[in-house]
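Work through the exercises below with the sequence and the model at hand. Each task is followed by a solution in steps.

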Amino acid sequence: MRFRAKILDVGCLNSFTRVVNTISKLTKTCTLRLTADNLYFMLSDKVANGGVSMWCELDQGNFFDEFQMEGVASDANEIYLELVPENLSRALRTAQNAKSLKAKLTKKHCPCLTLAAELPSLSSVSRVVTHDIPVDVIPRKLWHDFREPTVPDFDVSIYLPPLKTMKNVIDRMKNLSNFLVLEANRSGQMNLKIETDLVSVSTHFRDLGNPPCGDGGSQGASQDLETMAQARVDIKKLQQFLSSQQVNPSKAMCSKLIYPSIHLLPI
Amino acid sequence: MKCVIEGSNVKVFGKAIHALSRISDEMWLDPLEKGLAVRSVGPAHSSYGCFLFTRLFFQLYSLNISSPQAALGRCKLPVKSVLPLFRCSASIERSVDSCKISTGLSDTQVTFQLFCKHGITKTYNLGFQEHDVLQAVFPAHLCPNVLKAQPSLLGDMVIHFPASQEEVTLSVCPKRVTMRNYCEERDQIKVMSTEMSLHPEEFDYFHVGVDSDITFCLKELRGLLSFAESHGLPVYVHFGHPGQPVRFSVENMVLEASVVLATQTDSESEVSVQPGGSEDPAAPSRPQDAPPTAPPEEQVPSSQGSPVLSRPGNLEYFGLHVATDSGAHAAEPESADPATFRLHSLLFGAVSSPWPNEGDVLHTSLACASDTEEDNMEERSSATPMPIY
């Protein structure tokens with residue numbers, strides 16, 4: 001099992017760092033899957049009540065100038081590693097002005113993902129920072145746990161309001177209740193509601209716009225535009241997701257709403 | 001003692017207090033003839049920080065020489081009572097015109113007065129309890145390794161380590177300087193390890209007499225590094241073998257600041273000369289060459305009650321000892337002897353006399369004779385006491 005990769009372009013390094021930062025805010029540990037063409041960051045949280053699962057697929061060619069991988073076996077040319085994304089994020093944070101970043105799988109006191117950044121220096125010899133990030137190799141027999149989730153049929157798909165606004169609202173609501181009901185319809189209307197014994201609060205958004213009803217839309221055009229599809233979610237998880245997004249706040253996000261879960265897709 | 005700090009120097013003073021707060025929860029104000037020394041000693045006496053503000057730093061500095069000791073105003077204060085006065089350096093810059101510190105007027109209080117804009121005066125009377133001051137004696141001229149670096153260089157090195165990283169190991173050899181995080185072996189399995197290395201050319205001055213790996217507490221150093229960076233002062237690093245303390249210092253016309261940290265001893269290098277080992281065969285000191293006047297930690301008066309801290313496992317922190325005189329009267333014969341330096345790496349002067357001027361005072365601190373220097377600190381307690389002047 002071997003892995004070596006190199007990033008030479010500062011822009012690619014920044015983008016990769018932003019993706020890793022987003023993931024590190026979502027979860028403490030995750031699975032990194034390496035194939036010949038892609039990297040995947042995956043998390044499947046099997047908690048019954050309001051768990052979070054995440055699937056992130058990256059084309060390695062978009063980031064790496066060199067990428068060589070040899071999987072566990074010739075008929076299973078993939079590597080699955082469990083790691084703490086915060087470690088990766090921390091290693092990348094101070095290497096943003098690196099001339100080059102090399103990543104490889106090594107064995108120190110345990111299997112490690114070693115990142116070595118070559119940094120500019122005042123002398124003719126570059127500075128080198130090396131980080132050894134401990135990883136666990138996931139054996140092949142557990143790989144089936146990490147299949148790509150299928151995007152289920154959805155009732156409503158809607159663009160979210162600016163994340164900053166939504167985050168502000170949700171931050172306030174979090175103090176009052178643990179669960180929030182999110183409802184949206186195909187007329188670009190979305191409501192966030194909480195209800196407790198003492199108080200009920202709802203925030204209404206208008207004119208959000210719906211993406212074109214492409215694949216997966218069930219009922220289709222026959223559905224009444226005004227009908228709200230509802231889902232009840234844990235506020236903390238939603239807040240965690242929103243605060244992890246490192247995208248420009250004015251960028252739109254697409255949310256597909258199906259009962260009983262919400263899929264949020266940054267675009 | 002009465003002194004007035006004016007204008008932008010108030011912010012400098014505040015930053016010094018911040019730096020010292022990283023070392024300990026307590027600080028000493030020690031008015032001296034040459035200026036005001038502000039000191040801090042870390043827990044277990046394994047670290048020490050001192051900022052000496054010379055007379056030039058102050059608009060006014062007056063010391064009442066002929067008064068009894070109490071009036072000199074040496075005092076120990078909790079850092080958390082002083083820090084809030086200088087907490088926000090931006091607002092100090094905006095609103096504080098000058099700061100006046102008065103000690104010795106009362107047996108129990110020191111007064112800080114901040115004269116602010118719009119005629120506002122804030123007066124703080126801070127209580128203190130003790131008069132004795134500890135000071136480390138560090139013979140820098142005996143250190144085989146000396147580095148001088150711009151503060152941004154050291155900042156670039158430590159930035160790769162998270163704020164929570166306690167200890168780091170600095171390794172020097174003629175070709176490379178490396179810093180890596182240190183963790184105890186039992187924690188090592190799942191901890192991310194980081195190593196940063198650069199070429200000696202990047203230092204303003206680089207003299208390595210002996211290749212050495214020293215492990216010390218980074219957290220306590222960060223305060224001084226940030227002070228140096230904000231004032232653009234180059235940092236001097238003096239150190240030697242593992243086990244000998246390391247001193248980081250900065251200075252300019254109006255102040256001198258230093259932080260002395262104990263480093264971990266490597267038990268193998270203590271016991272005997274290792275052929276081809278990390279010990280330089282020409283190194284001046286061997287444990288067995290200890291002179292008879294090694295002071296014990298347990299028997300010194302006015303000590304802050306600190307036995308040498310012994311960490312579990314093989315590596316031990318070289319504790320700080322309380323010895324005799326303070327300041328420039330370091331003409332103790334022991335300190336000139338490299339072997340002695342190695343043993344009592346950090347010597348503290350407990351100033352118990354009415355007048356701290358060098359040479360005039362008889363100190364009655366005890367020091368202990370021990371026949372052989374054992375690496376195992378517990379065996380020292382069998383030595384017999386002997387006075388040292």
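**Exercise 1. Which residue in strand 14 of chain B is the bridge partner of Thr130(A)? Describe the strand pairing around it.**

Step 1. The bridge partner of Thr130(A) in strand 14 of chain B is Glu195(B). Strands here are DSSP runs of E with at least two residues, helices are runs of H or I with at least four, and both are numbered from the N terminus.

Step 2. Strand 9 of chain A and strand 14 (residues 193-198) of chain B run antiparallel and are joined by five bridges. Two strands count as paired if DSSP finds at least two bridges between them.

Before going on, note the conventions. The model is predicted, so local features need pLDDT of at least 70 and side-chain atom pairs pLDDT 80 or more, while totals for chains, interfaces and linings use all residues. Residues are numbered from 1 along each chain as its sequence is written, chains are lettered from A and ligands numbered from 1 in the order in which they are written, and side-chain values use heavy atoms, leaving out hydrogens and water.

**Exercise 2. How many residues of chain A are in contact with chain B, and which lose the most area?**

Step 1. Contact (heavy atoms within 4.5 Å) involves 23 residues of chain A and 20 residues of chain B.

Step 2. The buried area, that is, accessible area (1.4 Å probe) lost on putting the two parts together, summed over both, is about 1,800 Å², with 52% from carbon and sulfur atoms.

Step 3. On the chain A side, Arg90(A), His109(A) and Arg127(A) lose the most area to chain B, together 31% of what that side buries.

**Exercise 3. How many salt bridges cross the interface of chain A and chain B?**

Step 1. Apply the rule: a side-chain nitrogen of Lys or Arg within 4 Å of a carboxyl oxygen of Asp or Glu.

Step 2. The rule finds two across this interface. One of them joins Arg127(A) to Glu202(B), with the closest N and O atoms 2.8 Å apart.

Step 3. Helix 2 (85-93) and strand 9 (127-134) of chain A are the elements that each give two or more residues to the side touching chain B. Strand 9 of chain A gives the most, with eight residues.

**Exercise 4. Why does the salt bridge of Lys6(A) and Glu66(A) tie together parts that are 60 residues apart in sequence?**

Step 1. The side chains of Lys6(A) and Glu66(A) meet at 3.8 Å, N to O.

Step 2. Lys6(A) lies in strand 1 (residues 2-7) and Glu66(A) in strand 5 of chain A, so the pair ties together parts 60 residues apart in sequence.
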